[in-house]
Amino acid sequence: MTARVIDGTAVARRVREEVGRGVAALVAAGGVAPGLATVLIGEDPASEVYVRNKRRLSVEAGMQDLHRHLPADADQATVAALVDELAADPAVSGILLQLPLPRHLDPDALIARIPAAKDVDGLTTANAGLLAQGRPGLRPCTPAGVMALLDEYEVPLSGAEAVVVGRSVLVGKPMAQLLLARNATVTVCHSRTRDLPEVCRRADVLVVAAGIPGLVGDDAVKPGATVIDVGIHRGEDGLRGDVEFDAAAEVAGAITPVPGGVGPMTIAMLLANTLTAARVQQGIGD
Ligand SMILES: Nc1nc2c(c(=O)[nH]1)N[C@@H](CN(C=O)c1ccc(C(=O)N[C@@H](CCC(=O)O)C(=O)O)cc1)CN2
Ligand SMILES: [Mg+2]
């Protein structure tokens, strides 16, 4: 392998430690420890793991764990009432509705009830609009984590060719906007893109968030490119991403592994957003 392996586990640990120091400083300045309300509906095993880790790491950073759980058959009105209750609770700095929701629930209508100031997932239309306009706001955690990794590894962005594979509201769209805000030349690919490998080979920075295991191979990587794999798939022989890691690592200059790349950054940036939200709500800056 020739590529440098980007260590998301280590960077995430440093971000969480910094958040922990920020929480301590907020409390020392007379503020209240941030409260994170994770909301889990049902028993999806992967979601249970993610929410458990979010709760554990928020407590480790000195935050209040204000977790709420509803059964898989909770109806739209019940979940809406819970979101409204958390929105009105001054102890709650941030609300995170774990996705995906059971199929009978409408996630957009529920996310719309989260006040923008408590939207630590950065998924409300208000925060998406602020990002689209290049104004300050709470950013979606996974793309924010990718940006933090690129900065930590000093990957040049201004003027660089960036290709994002995937156009989801959670990752692809905000990812493209964050790269654009840093003056990258951004191309967004999706399921109708003609000759995906050819477009990907233009990229100095290739971010793959398609949700298709092994979609991107070495034929899609420009020599020396930075490859960021946002995919995460559970197979019989463990976790894998959207990128064929071994093949791509022979061509790339730097690459994220799965696990241990982008995933841990998602939770670290959630904690960073929760601290930011608490500071703004309490009027106590850093
Ligand atoms: N409301 C949200 N829902 C979902 C989000 C999100 O950002 N907000 N993202 C994903 C899942 N996710 C967080 O919720 C998440 C995914 C992966 C990881 C992670 O740490 N992955 C590890 C492996 C962990 C494991 O063993 O499973 C890694 O990649 O190293 C954290 C959070 C969808 N839903
Ligand atoms: Mg190949």
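The model is predicted: local features need pLDDT of at least 70, side-chain atom pairs count only at pLDDT 80 or more, and totals for chains, interfaces and linings use all residues. Residues are numbered from 1 along each chain as its sequence is written, while chains are lettered from A and ligands numbered from 1 in the order in which they are written.

**Domains.** Select residues 32-116, which form domain 1, and then 141-263, which form domain 2; these bounds come from an automatic or database domain assignment. Over C-alpha atoms, the two centres are 28 Å apart.

**Ligand 1.** Display next the 17 residues that surround ligand 1, the closest being Tyr50, Leu99, Pro259, Gly263 and Thr266; a residue is near if its C-beta atom, placed from the backbone, lies within 6 Å. Two or more residues of this shell come from each of α2 (45-60), β5 (94-97), α6 (141-152) and α10 (262-282). Helices (H or I, at least four residues) and strands (E, at least two) are DSSP runs, numbered from the N terminus. The greatest contribution, four residues, is that of α10. Both domain 1 and domain 2 give residues to the shell, so ligand 1 lies between them.

**Sheet.** Now select the open sheet of six strands, whose order is β1-β12-β9-β8-β6-β7, with parallel pairing; strands pair if DSSP finds at least two bridges between them. At its edges are β1 (4-5) and β7 (185-189), each pairing on one side only. Within the sheet, β8 (205-208) and β9 (226-229) pair in the parallel sense over four bridges, and Val207 stands opposite Ile228 in β9.
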